[in-house]
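Okay, thanks everyone for coming.

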Amino acid sequence: MAYLQFLGAAGTVTGSKHLINTRDDASHKPGLQVLIDCGLFQGAKEWRLRNWEDTPVPARDIDAVVLTHAHLDHCGWIPRLVKEGFKGPIYTTQPTIDLCSVILPDSGHLQEEEARFHNKRQSSKHHPALPLYTLQEAEDCMHLFSPVAFGETKRLSPELAFRFVHAGHILGSGMVELFVGNEGQARKFLFTGDIGRVPLQPTAPGRVVHAGPEGNEDPEILVMESTYGNRVHPHDDVRPRLAQIITDTVQRGGSVIVPAFAVERTQKFLFLLKELMESGQVPRVPVFVDSPMAIKAVEIFMKYADEFNEEARRLVQKFGSPLNWDGFHFAPKQEDSKKINEMRYPCIIVSSSGMVTGGRILHHLLLRLPDPRNQVLFIGFQAPGTRGETIKSGARAVRIFSESVLIRAQVTALEQFSDHADTEELLLWLRTFKKSPRKTFLVHGEPEASSRLQQAISSQLKWNVNIAHWLEKVPLG
Ligand SMILES: [Zn+2]
């Protein structure tokens, strides 16, 4: 019997992995086993340990991966899947391939660094501690990627086909329309991946995101994210508040530290910052973009400027590449990063990882968190169990490199930067559907967020909504 199984992002926001299995072992009917997304578990240890478990069906028997977008919690387990024996194609959009070619090797590099750190301190119960995958292994799996354009129907077998439609979440992000059954009588499933912001009104001031997900869907089964199922973002213009925060920090002699995902989020932030500096709303202090992938990330961002909304395109046109801006410095090498630590005058540091789970941001925070003049500015989602969430939640101290670091710096989160639709926006998008799905499964949410969204959808739209459970199988017969 064909089935759908949730291998990740069920009961949590990370580790997105959904298996579609159309094989029928009883009748020996051929079929396919396809993974929609192949993400890394991040955050609490309970979840991260699952990165070390094999897939319930052997990786070598999985025929293909269809990838919605390039965030690690959707693509970061691919090198491990390949290491476990997967040899099939990985279908995704060309911008997502470009982004993965930067993000996955960086992830491998961080895995190796972490293993080295544990081996040095002997702080792992495994001897030696091993990386989940290496930089080289991540680079090696890039040859399996195969581009599929938005709107193009890709047939995998007579009984299975799919198509990407715009999700409006990040560059290259798509939702997967999956067609199961023979052409003409196929059943349609929709996997949303992450859903971008849905404009509540035609003019959304200060929006730094793409123009929303495509509407008018009609799947029989909907598998939908629920990250912000219990929250509403502020819908006002982020710029005045951002200008105020930076100006206040610089005036008291402090620096602004921005943990940000290196690809896209960092570039959008830089363009807003540039705009505020050019218009005199923010003092011209040096800006350091400290990430080994920073330069490549800017190049990808500039290459696909057409994909952004009008406002972002206007800024790209006006200011050109951030690589050429006065006062903006990119630190590709470790030595450059160390020099930033020696800065004693106010500056702005944008560094990854965005949830402070690793990377160079750790060094910057280690040094600057204890000083009350400094400002930590979050512009992205912080998953529970990550250091970012600890800092954001108002904790007095956080552990970095096995040291307890006092948090005396100011901490602010600007939710307007979110690339996820909030509850109100999700409901607005669902209302565009041509008919109610027979079944809806909520994934990619903390339990509280998923259950609040479940209540909202069932009371307002009267749909049949379930919260997906880890390893749960849904028969597709
Ligand atoms: Zn995402």
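So, of the 477 residues in the protein, 58% are buried, where buried means under 20% relative accessible area with a 1.4 Å probe, protein chains only. Before I go on: this is a predicted model, where local features need pLDDT of at least 70, side-chain atom pairs count only at pLDDT 80 or more, and totals for chains, interfaces and linings use all residues. Residues are numbered from 1 along each chain as its sequence is written, and side-chain values use heavy atoms, with hydrogens and water left out.

On overall dimensions, the C-alpha trace spans about 70 × 55 × 40 Å along its principal axes.

Now the metal. What coordinates the zinc ion? We've got His 69 through NE2, His 71 through ND1, His 169 through NE2 and Asp 194 through OD, at 2.1 to 2.2 Å. Donors here are N, O and S atoms within 2.8 Å of the metal (3.2 Å for Na, K and Ca), and water is not among the atoms, so sites may look incomplete. Along the chain, the donor spacing reads H-x1-H-x97-H-x24-D. His 69 sits in the loop between strand S4 (64–66) and helix H2 (72–75), and His 169 in the loop between strand S8 (160–166) and strand S9 (174–180), so this pair ties together parts that are 100 residues apart in sequence. Helices (H or I, at least four residues) and strands (E, at least two) are DSSP runs, numbered from the N terminus. Both His 69 and His 169 are buried, too.

And for the whole protein, the secondary structure count is 14 helices and 22 strands.

Technical notes: Buried means under 20% relative accessible area, exposed over 50%, partly exposed in between (1.4 Å probe, protein chains only).
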